[in-house]
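Dear colleague,

I am handing over the structure we spoke about, and you will find it directly below. My notes on what turned up in it follow, arranged by topic.

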Amino acid sequence: MCLCCSIIHYKELVKPTKMQLSSFLDRFNEPETLKMAKLGRELRAKGIDVIDLSLGEPDFDTPAHIKEAAVKAIHDNWSHYTPVPGFPDLREAICSKFKRDNNLDYKPENIVVSTGAKQSLANTVLALVDEGDEVIIPTPFWVTYSELVKIARGKVVEIKTTAEQGFKISAGQLEAAITPKTKMFLFSSPCNPSGAVYSKEELEALAAVFIKHTGIFIIADEIYEYINYVGHPASADSRRPEPMASDEATAGKHQSIAQFAEIKDRVIVVNGLSKGFAMTGWRLGYIAANTEIAKACEKVQGQFTSGANSITQKAAVTALTTDLRPSMDMVKEFTRRRARVLELVKEIPGMHCSEPDGAFYVFPDVSAYYGRSDGETTVTNAADFSMYLLNKAHVTSVMGDAFGEPKCVRFSFANSMGKIEEGFSRIKDALAKLK
Ligand code: PLP
């Protein structure tokens, strides 16, 4: 950091080390999202008022009834090691959730509970991907996907999507990307960062391709399931312990690719509590998969971390089996902010953005600013653009390169309306200086 002006230069982030660390570390990058948040905190520690539009977590508190369940679990002395795949009552609760929200039938032996969906993804990639295996990932994608594949020594095969196609791939694109080495397809819907949400028909078209290619596993990351502006979970209205008729459960709602029976055995659904219940720090994710894959993930996790936190697991039973209204209230607020953010983006010349159907991000194309300068700093790419906004507007964002889309930058609207408005006002002023 430049001491006279508090400006952080991007090159300072990667410092050479003299220690003989393992070559494993060279295979993957640190998450860009966390790096940006760290830089924001550094400036804030120097007394600078930084507005955080980089982070991927709800700015709400965990609902009270979930916190009470955790307090009770502490008093009830749930303080011992937990079974590696999760407490039996939680695995039952997850199966009920799948039936209630997605009309999917799973048994506890299909479920593995982990310390966050990130660990669920890591377990699954490590359990399935061998050196040289190809993993197809549509762009833009969540930063961690490609890095996990690299950790497993797999090969990332990107399918490029554009804003014009709603950042969603077609069946034709999928078919064209498949080779004899394809082992896995990895995607999120709703998508971080684009907010794209696949409809039942779109998933059906992809499933038809996978029916033809029987050796491909599909990881469906559904962590943003509840944060969906075009459908809503089947159980949103009230407590719904009883299963619903299949039409009621799936029509116009979040759609899972696991609903297609011919491929269900090869689909690994990843979900968790971080986003839908504002529980990022509690660290709880889970998978539903066929028992062989579930057992393999349990084996991986058994050596890395063992079972997830006992108190969190008990609170998760409450979260998954009781009233979803607090989550839906949060989504209502995200809906309001989404509308406002889209207005604010439109007011900035040269910034183009498609409407996110889910999650809490906008992912505008900012490439119109590449090559421009304020006389002091020249912006040549998304990294420069994000650093320019951090240093000149004191607003954090995440460069699109991290998500495989170098023309875009991600702004989160998981911040108060006041901060969002102030943030975009600063962004507009700073960008107006780029000529
Ligand atoms: N999947 C996606 C698409 C995410 O955006 C995130 C978090 O940002 C995760 C998974 C990880 O979630 P967790 O907090 O449960 O590890």
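This is a predicted model: local features need pLDDT of at least 70, side-chain atom pairs count only at pLDDT 80 or more; totals for chains, interfaces and linings use all residues.

The side chain of Asp323 forms a salt bridge with that of Arg325, with 2.8 Å from N to O, and Arg325, at 43% relative accessibility, counts as partly exposed.

That pair belongs to a total of 26 salt bridges in the structure. Another of them joins the side chains of Lys314 and Asp89, at 2.9 Å from N to O. Because Lys314 sits in helix H10 (residues 310-321) while Asp89 sits in helix H3 (residues 88-102), this pair ties together parts that are 225 residues apart in sequence. Lys314 counts as buried, with a relative accessibility of 15%, whereas Asp89 has a relative accessible area of 32% and is partly exposed.

Within helix H11 (residues 325-346), Arg340 and Glu343 are three residues apart, which is about one turn of the helix, and their side chains meet in a salt bridge of 2.5 Å, N to O. Both partners fall into the partly exposed class, Arg340 with a relative accessible area of 23% and Glu343 with a relative accessibility of 43%. There is also a network of salt bridges, which links Asp59, Glu333, Arg336 and Arg337.

**The sheet and the helices on it**

Seven strands make up an open sheet with mixed pairing, and their order is S2-S8-S7-S6-S5-S3-S4. At the edges are strand S2 (111-114) and strand S4 (155-159), each of which pairs on one side only. On average, and with direction ignored, neighbouring strands of this sheet are turned by 20° against each other.

Inside the sheet, strand S3 (residues 134-138) pairs with strand S5 (residues 182-188) in the parallel sense, over three bridges; in this pairing Val135 stands opposite Met184 of S5. Helix H4 (residues 117-128) packs on the sheet, where it touches S2, S5, strand S6 (217-221), strand S7 (267-272) and strand S8 (285-288), and the direction of H4 makes about 160° with that of S7. Helix H5 (residues 143-151) packs on the sheet as well, touching S3, S4, S5 and S6, and its direction makes about 175° with that of S3.

The protein is divided into domain 1, which takes in residues 30-56 and 327-432, and domain 2, which covers residues 64-322. The C-alpha centres of the two domains lie 27 Å apart, and the contact takes 24 residues from domain 1 and 29 residues from domain 2.

What do domain 1 and domain 2 bury between them? The area is about 2,200 Å², with 63% of it on carbon and sulfur atoms. On the domain 1 side, the residues that lose the most area to domain 2 are Met328, Asp357 and Phe403, and together they account for 25% of what that side buries.

How many salt bridges are counted between domain 1 and domain 2? The count is zero, although the structure as a whole holds 26.

With best regards

Definitions and conventions:
Residues are numbered from 1 along each chain as its sequence is written. Side-chain values use heavy atoms; hydrogens and water are left out. A salt bridge is a side-chain nitrogen of Lys or Arg within 4 Å of a carboxyl oxygen of Asp or Glu. Helices (H or I, at least four residues) and strands (E, at least two) are DSSP runs, numbered from the N terminus. Buried means under 20% relative accessible area, exposed over 50%, partly exposed in between (1.4 Å probe, protein chains only). Two strands pair if DSSP finds at least two bridges between them. Axes are lines fitted to C-alpha atoms, for helices over the stretch in contact, and angles run from 0 to 180 degrees between N-to-C directions. Contact means heavy atoms within 4.5 Å. Domain bounds come from an automatic or database domain assignment. Buried area is the accessible area (1.4 Å probe) that two parts lose on being put together, summed over both.
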